[in-house]
Amino acid sequence: MSFDFALLIRWPLSWCRKLTASGFSTKHWSNFAERGSVLGLRSVFVCYRLLGERVARLMLYPIVGYFFITGRAARTASKGFLRQVNLKRGARIPEPSWWDVYQHMLAFGQSGLDKLAAWMGGFDRARVDFPDHEELERLTASGRGAVLIGSHLGNLEMTRALAVNNRLAKVNAVLYTKHALRFNTLLMQANADFGVNFIQISQLGPETAILLKERIDRGELVVIVGDRTPPGEGSRRISLVDFLGKPAPFAQGPFILASLLECPVYLFFCLREGQGLRIHLEHFAEQIDLPRKTRQERLQDYMQRYARRLEHYCLIAPKQWFNFYDFWRHDAARNPDKD
């Protein structure tokens with residue numbers, strides 16, 4: 001059987017070009033077109049099936065190294081975030097090294113391969129540590145639905161893949177439509193179940209709330225991230241909360257949605273530890289209550305609590321933070337689709 005090694009290289013190169021050319025900027029995150037060849041993305045199938053996961057990971061080192069050297073914008077954004085982490089930790093020398101920046105970029109590439117491995121059934125459940133699994137089992141056994149608020153820290157998509165593949169729970173993932181369309185297409189080709197209960201939206205509205213309420217009432221889980229401000233008109237619904245020592249814009253939508261769904265709310269983080277994963281599940285509220293008279297104050301309190309827990313896990317695994325743009329830039333967070 002003949003094998004085209006050039007095809008193998010094409011996917012990571014085009015994928016890393018997306019990382020350096022479009023992901024690290026001060027614009028609103030939703031305004032970046034996803035880059036990379038569809039043909040190149042598909043080549044990762046060949047890599048996994050013919051060469052295996054280990055070889056695919058080894059390929060990332062020189063490829064990410066090339067874009068580390070040539071991608072000034074990437075280095076700047078990564079260094080800025082890691083510097084803020086070091087300042088929060090009270091480091092004697094807050095300036096991160098170039099090796100730290102390289103590892104941060106490499107972790108992003110590795111997370112993409114982890115997602116692909118999970119949806120292709122190549123990630124062993126034995127490598128997943130879930131100390132709070134009994135809490136989730138009690139919830140699903142009760143027949144009650146719940147909202148799980150996650151983030152772009154770690155690898156949230158891995159947990160959905162594992163849940164779907166092992167029939168652990170019905171998980172509905174709510175994501176903005178403009179993000180990672182080609183990569184999501186690749187994951188759907190890896191496993192048709194990727195598209196099941198995958199809800200793509202342009203903004204949270206009444207129709208979305210009604211749809212999700214029906215699923216909550218059926219005892220299903222709804223996963224939404226809380227660390228990205230919405231695009232377009234929804235970008236006006238943000239609040240500034242303290243995050244790593246600076247005011248940062250966070251979306252109100254996930255918390256307003258959770259209040260409308262009238263169900264338990266959990267925080268959910270999935271971090272890589274060595275060659276495995278550790279899932280953190282925290283009860284956040286039995287129900288988010290936003291009374292009319294104190295609505296803004298209560299909303300601000302919920303959002304600050306979320307930011308504190310996100311900060312906690314960021315300090316544990318800062319190189320697994322995959323919001324590669326100026327997270328603290330207020331005007332970028334409010335920017336509708338103009339750019």
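This is a predicted model: local features need pLDDT of at least 70, side-chain atom pairs count only at pLDDT 80 or more; totals for chains, interfaces and linings use all residues.
Two packed helices are described by the angle between their axes and the distance between the axes. For helix H3 (residues 72-89) and helix H4 (residues 98-119), the axes come within 9 Å and cross at roughly 105 degrees. H3 is therefore roughly perpendicular to H4, since angles of 65 to 115 degrees are placed in that class. On the H3 side, the contact is formed by Ala74, Arg75, Ser78, Lys79, Phe81 and Leu82, which meet Trp98, Asp100, Val101, His104 and Met105 of H4. Six of the residues in this contact are nonpolar, two are polar and three are charged.

Side chains of opposite charge can pair when their charged atoms come close. In the whole structure, 16 salt bridges are found. In one of them, Lys79 pairs with Glu95 at an N to O distance of 3.5 Å. Because Lys79 belongs to helix H3 and Glu95 to the loop between H3 and H4, this pair ties together parts 16 residues apart in sequence. Lys79 is buried, with 13% relative accessibility, whereas Glu95 is partly exposed at 38%.

Asp100 forms a salt bridge with Lys319, with 3.6 Å between the closest N and O atoms. This pair links distant parts of the chain, 219 residues apart: Asp100 lies in helix H4, and Lys319 in the loop between helix H10 (295-316) and helix H11 (330-333). Lys319 is partly exposed, at 24% relative accessibility.

Definitions and conventions:
Residues are numbered from 1 along each chain as its sequence is written. Side-chain values use heavy atoms; hydrogens and water are left out. Axes are lines fitted to C-alpha atoms, for helices over the stretch in contact, and angles run from 0 to 180 degrees between N-to-C directions. Helices (H or I, at least four residues) and strands (E, at least two) are DSSP runs, numbered from the N terminus. Angles under 35 degrees count as roughly parallel, over 145 as roughly antiparallel, 65 to 115 as roughly perpendicular and the rest as oblique. Contact means heavy atoms within 4.5 Å. Ala, Val, Leu, Ile, Met, Phe, Trp, Tyr, Cys and Pro count as nonpolar, Asp, Glu, Lys and Arg as charged, and the others, Gly among them, as polar. A salt bridge is a side-chain nitrogen of Lys or Arg within 4 Å of a carboxyl oxygen of Asp or Glu. Buried means under 20% relative accessible area, exposed over 50%, partly exposed in between (1.4 Å probe, protein chains only).
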